Amino acid sequence: MIDLQVQDKTHDEARQGEALILDTPVKADARKLYIESYGCAMNFADSEIVASILSETGFETTGDYHQADVIFINTCSIRENAETRVRNRLSQFGVEKRRNPKLIVGVLGCMAERLKSKFLEEERLVDVVVGPDAYRDLPNLIEQVESGHKAVNVLLSREETYADISPVRLNSNGITAFISITRGCNNMCSFCVVPFTRGRERSRDAHSIIEEAKSLFEAGYREVTLLGQNVDSYTWTSEDGTETVNFAQLLEQTALVNPDLRIRFSTSHPKDITDEVLHTIARYDNICNYIHLPVQSGNTRILELMNRTYTREWYINRIDAIRNIIPGCAISTDIIAGFCTETEEEHEETLSMMDYVQYDFAYNFTYSERPGTLAARKLEDDIPEDVKKRRLAEILAKQQAHSLMRLQEWVGKTVRVLIEGTSKKSDKDYCGRGDSGAMAIFPAIDGVKPGQYANVYIERCTSATLIGRIVA
């Protein structure tokens with residue numbers, strides 16, 4: 001995968017295995033919680049919910065699992081390598097558990113339901129297994145383990161949205177934050193486990209989302225990303241039926257919180273993104289001109305096998321609408337190389353789609369069969385690994401060229417950047433993102449600090465980063 005440093009629901013390799021720490025005063029008698037997260041932004045946001053729930057029962061977070069009373073690993077089942085990472089990490093925690101028998105080790109998230117029996121009974125790696133809809137039950141489950149029993153709750157819910165829980169902001173820069181607006185997914189893509197691990201789609205109370213955005217702005221945050229497996233299908237109706245809010249309306253309401261609160265969202269689905277949403281983006285300066293629109297394949301037959309419910313022509317129609325309604329809008333995507341039965345000609349159609357769109361960013365993977373999915377049950381994973389890797393290499397090379405081209409378009413222009421902090425390479429440089437999501441690096445100057453917007457003149461770029469200086 002190309003590290004193009006764009007924030008959305010897709011996997012951020014830089015954050016995989018990150019230990020999440022809440023900056024609170026240390027209490028001598030507090031129990032210590034260590035949470036390590038893998039996968040997408042939804043998982044990292046869920047870890048914040050878990051920390052919030054357990055903080056109410058006296059837990060404090062720690063960044064050192066050797067000090068922990070409870071270790072949780074928030075898991076992902078999207079790809080096989082994510083599961084391999086988790087298993088290796090659990091083995092390491094097992095060493096610590098042998099040293100400290102009172103230590104509780106648990107698995108949260110998407111691997112929980114699918115592998116609960118293996119974790120609890122066969123491999124005996126963990127004490128507690130908790131699915132994404134059962135986090136409220138964690139204090140009770142921990143008590144069960146402390147009384148000498150294994151504990152599991154992987155029940156999926158049609159109602160749970162955690163709308164009333166204000167997530168703690170773990171490892172936050174105090175400037176950008178995620179807000180979950182939906183949970184679960186109704187799109188039964190044949191390659192994807194999410195509908196089985198996160199359940200059916202449900203939308204969170206719109207009022208709670210807006211209140212969270214207001215609270216974040218008042219606390220100094222200047223950017224929020226609205227998160228959902230498919231944000232475009234967001235639809236919330238009040239209990240009395242007098243109020244219904246769709247995604248375009250939610251976007252507008254969030255933008256109206258304050259013009260200095262920048263809005264991003266992820267992820268859109270090509271079958272659901274509407275012109276109403278696009279016109280809303282165009283109407284408000286603080287809604288970023290950036291859309292993550294996964295294509296997965298450029299061939300209609302493969303899209304049908306994937307159960308993506310759109311054709312190549314439909315996807316192109318949506319791209320054309322974005323270009324017409326939001327000129328200059330950055331577009332990123334997901335692409336799977338080597339899906340079941342994919343021919344060379346169909347692979348070429350994916351490459352031609354890339355040439356048509358010329359994506360700003362892309363997350364590209366070879367197909368990895370996931371147990372329990374429709375593809376695993378009905379289709380043969382018949383593309384040899386060397387062919388998959390060669391096709392992926394061709395996709396990566398093309399995307400590298402397109403990404404560089406898109407960034408070069410910013411050279412010689414001034415970009416309004418939200419300063420997120422200092423650069424990883426030098427504390428004398430700031431880093432931040434412009435409207436398109438591209439990372440910019442520029443020298444720090446007196447009187448300007450993280451959390452503020454700055455006009456940055458772009459002098460040059462690499463294949464992944466804009467480089468410039470602050471101007472008046």
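Okay, so let's start with the aromatics: there are 9 aromatic pairs in this structure, and keep in mind that what we're looking at is a predicted model.

Take phenylalanine 191 and phenylalanine 339. Their ring centres sit 6.4 Å apart and the planes make 80°, so this one is edge-to-face. The two come from distant parts of the chain, 148 residues apart: phenylalanine 191 is in the loop between strand E9 and helix H5, and phenylalanine 339 is in the loop between strand E16 and helix H11. Buried or exposed? Phenylalanine 339 is buried, at 0% relative accessibility, and phenylalanine 191 is buried too, at 13%.

Next pair: phenylalanine 247 with phenylalanine 265, also edge-to-face, with 5.3 Å centre to centre and 75° between the planes. Phenylalanine 247 belongs to helix H7 and phenylalanine 265 to strand E14, so the pair ties together parts 18 residues apart in sequence.

On the E11 to E14 side, we have 5 bridges in the parallel sense, with leucine 227 opposite serine 266 of E14.

Arginine 222 lies over the face of phenylalanine 217, 3.9 Å from the ring centre, and arginine 416 lies over tyrosine 453's face at 3.8 Å.

Notes
Residues are numbered from 1 along each chain as its sequence is written. This is a predicted model: local features need pLDDT of at least 70, side-chain atom pairs count only at pLDDT 80 or more; totals for chains, interfaces and linings use all residues. Side-chain values use heavy atoms; hydrogens and water are left out. Two strands pair if DSSP finds at least two bridges between them. Helices (H or I, at least four residues) and strands (E, at least two) are DSSP runs, numbered from the N terminus. Rings of Phe, Tyr and Trp (its six-membered ring) pair if their centres lie within 6.5 Å; planes under 30 degrees apart count as stacked, over 60 as edge-to-face and the rest as tilted. Buried means under 20% relative accessible area, exposed over 50%, partly exposed in between (1.4 Å probe, protein chains only). A charge sits over a ring if NZ of Lys or CZ of Arg is within 6 Å of the ring centre and within 35 degrees of the ring normal.
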